[in-house]
Amino acid sequence: MNQDLYIHGLSKTFGHMTALHETNLVVRRGQFTTLLGPSGCGKTTLLRMIAGLETPDTGTITMGEEVLFSAERKKDIPAHLRHFGMVFQDFALWPHMTVFENVAFGLRAGKHGKGPGSGSGRGKELRIAVLEALDKVRLSGMEDRYPHQLSGGQQQRVAFARAVAIRPRLVLFDEPLSALDAVLREEMRIEMLSLVRDLGLTALYVTHDQIEAMSMSDEVVVMRSGHILQTGTPEIIYGRPSHPEVARFIGKSNWLEPERTLFRPEHVRWEQDQVDQHSFTVEIRHISYVGDRYEIRIRAENGELWTAYHSTRLPIGEQKQIWVSPQHIHQLDS
Ligand SMILES: Nc1ncnc2c1ncn2[C@@H]1O[C@H](COP(=O)(O)OP(=O)(O)OP(=O)(O)O)[C@@H](O)[C@H]1O
Ligand SMILES: [Mg+2]
């Protein structure tokens, strides 16, 4: 059965503010797709429309053959019948409910479907489903606690358990890790991704954090000002950006020709190691030690400031020769 999600011509305007211009997107079944872009670019608006929490002005949303939304045909399947799971930035747990009740609530809300919360004999089935979901997120034994008795990471795992207990055909994540500190965020990133993979879920994930997007995704969708700028694997987005904004937003760019031709810092060679390499004279301008290497800002002859990496400290003000292989020089589409 085709369970890919198709977005076609979807748009949304609030008053005079167009949050999302007409947008097309495909979310492939079993893949981890991420919407990446700066604050206000329309990520949450797009996600909420897919969830059924916001009504689009134009366009269609279909999953396989099933139409979930069509502006033209005035069709709008309510959120709880779309059979999607959601995980929010603030976890959105109910403070007066225990961990068990929070997860069970998700199952009861989805009882219209074929999930384990439906039909007779529900009590026992429900209990098994909840305990199973909690076991998956390593929270067995904590089912009687209240959210305020849990750490941020544990709360987020409850939110995840609640979202996946219904066996959703798509899980929507809106910046689920941004309330956590940096160390926990990295741990949870790995944990959440392995859970999504183990459960064979299809995920649509929203973040403004490029590291998160690059490290977790099969497909990255780069957005800005209510538009999709580029869609592709993390490798394509980083190595072959199609738009200057994409190049600038993801990683560091060394511009040979502003807005048109670039190479990445890790491709700078301090000695020639290939015959056809391009050579540039640069001046060492600034050095930051970042633990495993020195990050060096260099001034190019075209006036641009570039970044390069070196294993030792170099003298500021010194002129140096660098080399870059032609295959690492990338020309943007005009
Ligand atoms: N309910 C609303 N009423 C009016 N304007 C809205 C509403 N929801 C969103 N907007 C506006 O639409 C634009 C896109 O908002 P959205 O929340 O989708 O951005 P975002 O990419 O999720 O940003 P962030 O990273 O800050 O969460 C913003 O300019 C926002 O102010
Ligand atoms: Mg948002």
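## The sheet

Two strands count as paired if DSSP finds at least two bridges between them. In this predicted model, strands β3 (residues 32-36) and β10 (residues 219-224) are joined by four bridges and run parallel. Within this pair, L36 sits opposite V222 of β10.

The pair belongs to an open sheet of six strands. Their order is β7-β8-β9-β3-β10-β11, and the pairing is mixed. The edges are β7 (84-87) and β11 (227-232). Each has a single partner strand, so one side of each is left without a neighbour in the sheet. From one strand to the next, the twist averages 15°.

## Helices on the sheet

Two helices are described here. Helix α4 (residues 152-164) packs on the sheet and touches β7 and β8 (170-174). The direction of α4 makes about 170° with that of β7.

Helix α5 (residues 182-198) also packs on the sheet. Its contacts are β3, β8 and β9 (203-207). The direction of α5 makes about 140° with that of β3.

Domain 1 gives 10 residues to the contact, and domain 2 gives seven residues.

The size of an interface is often given as the accessible area lost when the parts come together. Here domain 1 and domain 2 bury about 760 Å² between them. Carbon and sulfur atoms account for 41% of that area.

## Polar links across the interface

Seven residue pairs are in polar contact between domain 1 and domain 2, counting pairs with both residues at pLDDT 80 or more. On the domain 1 side, the elements that give two or more residues are α7 (234-239) and α8 (244-249).

One salt bridge is found across the interface of domain 1 and domain 2. Elsewhere in the list of pairs, E259 forms a salt bridge with R248. The closest N and O atoms of E259 and R248 are 2.5 Å apart.

## Salt bridges in the whole structure

Side chains of opposite charge can pair when their charged atoms come close. A search of the whole structure finds 15 salt bridges. One salt bridge joins the side chains of R138 and E191, at 2.8 Å from N to O.

The R138 and E191 pair links distant parts of the chain. R138 lies in the loop between α3 (122-136) and α4. E191 lies in helix α5.

Notes:
Residues are numbered from 1 along each chain as its sequence is written. Chains are lettered from A and ligands numbered from 1 in the order in which they are written. This is a predicted model: local features need pLDDT of at least 70, side-chain atom pairs count only at pLDDT 80 or more; totals for chains, interfaces and linings use all residues. Side-chain values use heavy atoms; hydrogens and water are left out. Axes are lines fitted to C-alpha atoms, for helices over the stretch in contact, and angles run from 0 to 180 degrees between N-to-C directions. Contact means heavy atoms within 4.5 Å. Buried area is the accessible area (1.4 Å probe) that two parts lose on being put together, summed over both. A salt bridge is a side-chain nitrogen of Lys or Arg within 4 Å of a carboxyl oxygen of Asp or Glu. A polar contact is a pair of N or O atoms within 3.5 Å; within protein, one must be able to donate a hydrogen and the other to accept it, and residues adjacent in sequence count only if both atoms are side-chain atoms.
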